[in-house]
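Reader: I would like to learn how to read a protein model, one feature at a time. Please take me through this one.

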Amino acid sequence: MQKIINALATGFYISYLPALVIPFKKNTGAGFLGTALAVPFALLFPQDFILSLVVLLAFWVFCVWVCKKAKLGGKYKGHDNPKIVIDEAAGYFTAMLFLPHTWPYLVAAFVLFRTFDTLKPWPVSHFDKMPNALGVVFDDVAAGLLANICIQIFIIIHRAGII
C-alpha cells in the first residue's frame, strides 16, 4: 500500500526526473513537472458547477490523506518535500475550477498558478508555514485560487469590453 501512496504522492515518480538530470540543483523543477502532469487530467474534470466543486473538494481531502501517508511512510520527510507533487495537481485543478477547458485557459492557469506557487504571496505563504499535510496541500490550493480569481477578473473585464 505504501508503494501506491508514494507513487500517487510523487506523480507516479515524475518528481524524480529533474534530480536525475540536474542532481546538483536544489529547486529541481519537480513542481513544474507535477503541474504539467495535472494538465491533461484537468481536461477530465466535470464542467457541471456543483459536480466539479464536489470532485475538487474530494480531491483536496484525498491529497491531504496521501501527503500525510507519504510523510508518515518515512521516505518524504521534511516540510513540503519537493518530491511530493500531488499537491501541485490540487492547486492546478483549483486554478481551473469553473473555467472552460480550452488551451488559453489551461495555459493561463498553469502560468499564474506556477507564479503564485513560486512567489508565495499571502495567503499562500500563510498555508506554506503550516507544518502538516494540510499546509502542504493548501498552499498550492491558495495559489490556485489566486490564479483562478485573476482569470475570472480578466473574463469579467473582457466581457465588459474594457479590454
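Reader: Is Thr 94 buried or exposed, and on what value does that rest?

Author: The model is predicted, and the values discussed here are computed from it. Buried means under 20% relative accessible area. Thr 94 has a relative accessibility of 3%, so Thr 94 counts as buried.

Reader: Where in the chain is the place of Thr 94?

Author: Thr 94 belongs to helix H5. That helix is mostly covered, with ten of its ten residues buried. Among them are Asp 87, Glu 88, Tyr 92 and Phe 93, as well as Thr 94 itself.

Reader: What covers the buried residues of H5?

Author: The cover includes H1, H3, H4, H6 and helix H8, which spans 133-159.

Reader: Which residues does Thr 94 touch, not counting residues up to four places away in sequence?

Author: Contact means heavy atoms within 4.5 Å. By that rule Thr 94 touches Leu 56, Trp 60, Val 141, Gly 144, Leu 145 and Asn 148. Take Leu 145 as one case: it is 51 residues from Thr 94 along the chain, and the two C-alpha atoms are separated by 5.9 Å. With Trp 60 there is also a polar contact between the two side chains, at 3.1 Å.

Reader: Now to the loop between H1 and H2. Which residues should I look at there?

Author: Start with Ser 15, which is found in the loop between helix H1 (2-9) and helix H2 (17-21). Its relative accessible area is 0%, so Ser 15 is buried. Thr 10 is found in the loop between H1 and H2 too, and Thr 10 counts as buried because its relative accessibility is 0%.

Reader: What lies 2.6 Å from a polar atom of the side chain of Ser 15?

Author: The backbone oxygen of Lys 83 does. For Thr 10, a polar atom of the side chain lies 2.8 Å from the backbone oxygen of Asn 6.

Reader: What is Ser 15 in contact with, leaving aside its neighbours within four places in sequence?

Author: Ser 15 is in contact with Thr 10, Ala 30, Pro 82, Lys 83 and Val 85. The list for Thr 10, with residues up to four places away in sequence not counted, holds Ser 15, Tyr 16, Tyr 76, Lys 83 and Val 85.

Reader: How is a pair of aromatic rings described?

Author: Two values are used, the distance of the centres and the angle of the planes.

Reader: How many aromatic pairs does the structure hold?

Author: The structure holds ten. In one of them, Phe 32 and Phe 110 have ring centres 5.2 Å apart and planes at 90 degrees, so this pair is edge-to-face. It links distant parts of the chain, since Phe 32 is in helix H3 (residues 30-42) and Phe 110 is in helix H6 (residues 103-119), 78 residues apart. Phe 32 is partly exposed at 45% relative accessible area, whereas Phe 110 counts as buried at 14%.

For a stacked pair, take Phe 49 and Phe 98: the ring centres are 4.3 Å apart and the planes are at 10 degrees. Phe 49 lies in helix H4 (residues 49-72) and Phe 98 in the loop between helix H5 (86-95) and H6, so the pair ties together parts that are 49 residues apart in sequence. Phe 49 is partly exposed, with 49% relative accessible area, and Phe 98 is partly exposed with 37%.

Reader: Which residues form one aromatic cluster?

Author: Phe 45, Phe 59, Phe 62, Trp 65 and Phe 93 form it.

Reader: How many helices and strands has the chain?

Author: The chain has eight helices and zero strands.

Reader: Why does the radius of gyration of the chain agree with a compact globule?

Author: With 163 residues, a compact globule would have a radius of gyration near 15 Å; the chain has 16 Å, so the two agree. Taken along the principal axes, the C-alpha atoms fill a box of roughly 55 × 35 × 30 Å. Of the 163 residues, 44% are buried.

Reader: What share of the contacts between residues at least 6 apart in sequence joins residues at least 24 apart?

Author: That share is 71%. As for the surface, the accessible area of the chain comes to about 9000 Å², and 75% of it belongs to carbon and sulfur atoms.

Key: Residues are numbered from 1 along each chain as its sequence is written. This is a predicted model: local features need pLDDT of at least 70, side-chain atom pairs count only at pLDDT 80 or more; totals for chains, interfaces and linings use all residues. Side-chain values use heavy atoms; hydrogens and water are left out. Helices (H or I, at least four residues) and strands (E, at least two) are DSSP runs, numbered from the N terminus. Buried means under 20% relative accessible area, exposed over 50%, partly exposed in between (1.4 Å probe, protein chains only). A polar contact is a pair of N or O atoms within 3.5 Å; within protein, one must be able to donate a hydrogen and the other to accept it, and residues adjacent in sequence count only if both atoms are side-chain atoms. Rings of Phe, Tyr and Trp (its six-membered ring) pair if their centres lie within 6.5 Å; planes under 30 degrees apart count as stacked, over 60 as edge-to-face and the rest as tilted. The radius of gyration is taken over C-alpha atoms; the globule rule is 2.2 Å times the number of residues to the power 0.38. Accessible areas come from the Shrake-Rupley method with a 1.4 Å probe; for residues, only the protein chains shown count as cover.
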